[in-house]
Amino acid sequence: NRFVAEKAPALVSFDVTWSDQPFAAEAGVGDKPITIVDPEGRSASPDRVFIGKTKSTAEAELTQEGTYRLESIDPLAYWTQIESESGTQWLKQNKAEVSGKKIVRSDLYWSKALAYVTIGKSTAMPPQLESDPLNIVPATHPNEVVAGSPFELSVLSYGKPLAGAAIKVFDSHTPRHEPLKTVTCDDQGSAELQFESPGLHL
C-alpha cells in the first residue's frame with residue numbers, strides 16, 4: 001500500500017491485521033512490533049497503538065518530508081504438525097523438541113506486512129534489512145505504480161536474490177487462497193508485474 005500527504009508534519013493512523021486469508025481482518029498484532037522507518041533509514045515505534053480483537057491501529061506524527069516505510073513483523077517461529085487422537089495438531093515447537101509423537105509436517109514461519117507513506121516530495125525508499133529471511137523489494141517507487149504500467153521488484157532472502165521465487169498476486173475480489181496471477185522470478189530474483197485495473201492488491 002502507499003499513501004501521500006501534502007506536507008510535514010502529518011499525523012498518520014494506520015491499521016494492522018494478521019490473517020490466513022487475503023484482505024480479511026482476523027487478529028490484531030498483539031505483542032508483535034510495529035516499526036516506522038523514516039527516509040533516513042532510522043527506526044522508531046508509533047506514538048500510540050490501540051490493540052483490537054480483529055486489528056490494531058497505530059498513530060504517529062511524521063515530521064520529516066520524504067518516503068517512510070511502515071512495517072510489522074511476525075518473528076521467526078517453528079511449527080510442527082503431529083498426529084493426535086482427533087486427527088492432527090499443530091505445536092509451536094521445533095520438530096527436534098517433539099518426542100514420542102508422529103510428525104506430519106514441520107514449518108519455519110515468518111511474515112512481514114508493510115506499507116509506504118510519502119510526506120511532501122517522494123524520496124528513495126528506506127533500505128530493507130539484509131538479515132530478514134524474506135524481502136520483496138520494489139524497484140518501482142510505490143508512488144509510481146499505476147494500472148497498466150510495469151511494476152518491477154526483486155525477492156531477496158537474507159540479502160541475496162532468490163532465483164525462481166513464485167510471486168502470487170491477489171486483489172480484493174480474489175477468493176481465499178486462489179491467486180489472480182503467479183509470476184516467477186528470474187535467476188537474479190527479479191520479476192515484473194502489471195496490474196490491469198486500479199484497486200487493492202496483495
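Two rings of Phe, Tyr or Trp (for Trp, the six-membered ring) make an aromatic pair if their centres lie within 6.5 Å; planes under 30 degrees apart count as stacked, over 60 as edge-to-face, and the rest as tilted. By that rule, this structure, which is a predicted model, has one aromatic pair.

**The ring pair**

A pair of this kind is described by the distance of the centres and the angle of the planes. Here the ring centres of Phe-151 and Phe-195 are 5.9 Å apart and the planes sit at 35°, so the pair goes down as tilted. Phe-151 belongs to strand S11 (residues 150–157), while Phe-195 falls in the segment after strand S15 (190–194), so the pair ties together parts that are 44 residues apart in sequence. How accessible is Phe-151, buried or exposed? Phe-151 has a relative accessibility of 12%, so it counts as buried. Phe-195 is buried too, because its relative accessible area of 14% is under the 20% cut-off.

**The chain as a whole**

Stepping back, the protein chain has 15 strands and zero helices. Its C-alpha trace spans about 60 × 40 × 35 Å along the principal axes. There are 202 residues, and 33% of them count as buried. If you take the contacts between residues at least 6 apart in sequence, 60% join residues at least 24 apart.

Nonpolar side chains tend to be buried together in soluble globular proteins. In this chain the largest nonpolar core holds 15 residues, and Phe-14, Ile-34, Ile-36, Leu-62 and Ile-119 have the most contacts inside it. Strands S2 (10–16), S3 (34–37), S6 (56–62), S7 (66–84) and S9 (103–119) each give two or more residues to this core. Which strand gives the most to it? That would be S2, with four residues. There is also a second, separate core of eleven residues, which includes Val-155, Ala-165, Val-169 and Ala-191.

S2 is part of an open sheet of three strands, ordered S2-S6-S5, with antiparallel pairing. S2 and S5 (48–51) are the edge strands, each pairing on one side only. From one strand to the next, the twist averages 15°. S2 and S6 run antiparallel and are joined by seven bridges.

**Asn-135, a buried polar residue**

Asn-135 lies in strand S10 (residues 135–138), and with 4% relative accessibility it counts as buried. Leaving out residues up to four places away in sequence, Asn-135 touches Lys-112, Gln-128, Leu-129, Ser-154, Val-155 and Leu-156. One of these, Val-155, is also a member of the second core. For a sense of scale, Asn-135 and Pro-33 are 102 residues apart in sequence and 17 Å apart in space, C-alpha to C-alpha.

**Tyr-158 and a side-by-side look**

Tyr-158 sits in the loop between S11 and strand S12 (160–161). Its phi is near 50°, a positive value in a residue other than glycine. As for accessibility, Tyr-158 comes in at 44%, so it counts as partly exposed. Here are the relative accessibilities together:

| Residue | Relative accessibility | Class |
|---|---|---|
| Asn-135 | 4% | buried |
| Phe-151 | 12% | buried |
| Phe-195 | 14% | buried |
| Tyr-158 | 44% | partly exposed |

How values were computed: Residues numbered from 1 in each chain as written. Predicted model: local features only at pLDDT ≥ 70, side-chain atom pairs only at ≥ 80, totals over all residues. Heavy atoms only, no water. Core = buried A, V, L, I, M, F, W, Y, C linked by side-chain atoms within 4.5 Å. Buried < 20%, exposed > 50% of the residue type's maximum accessible area, 1.4 Å probe, protein only. Pairing = 2+ DSSP bridges. Axes fitted to C-alpha atoms, helices over the stretch in contact; angles between N-to-C directions. Contact = heavy atoms within 4.5 Å.
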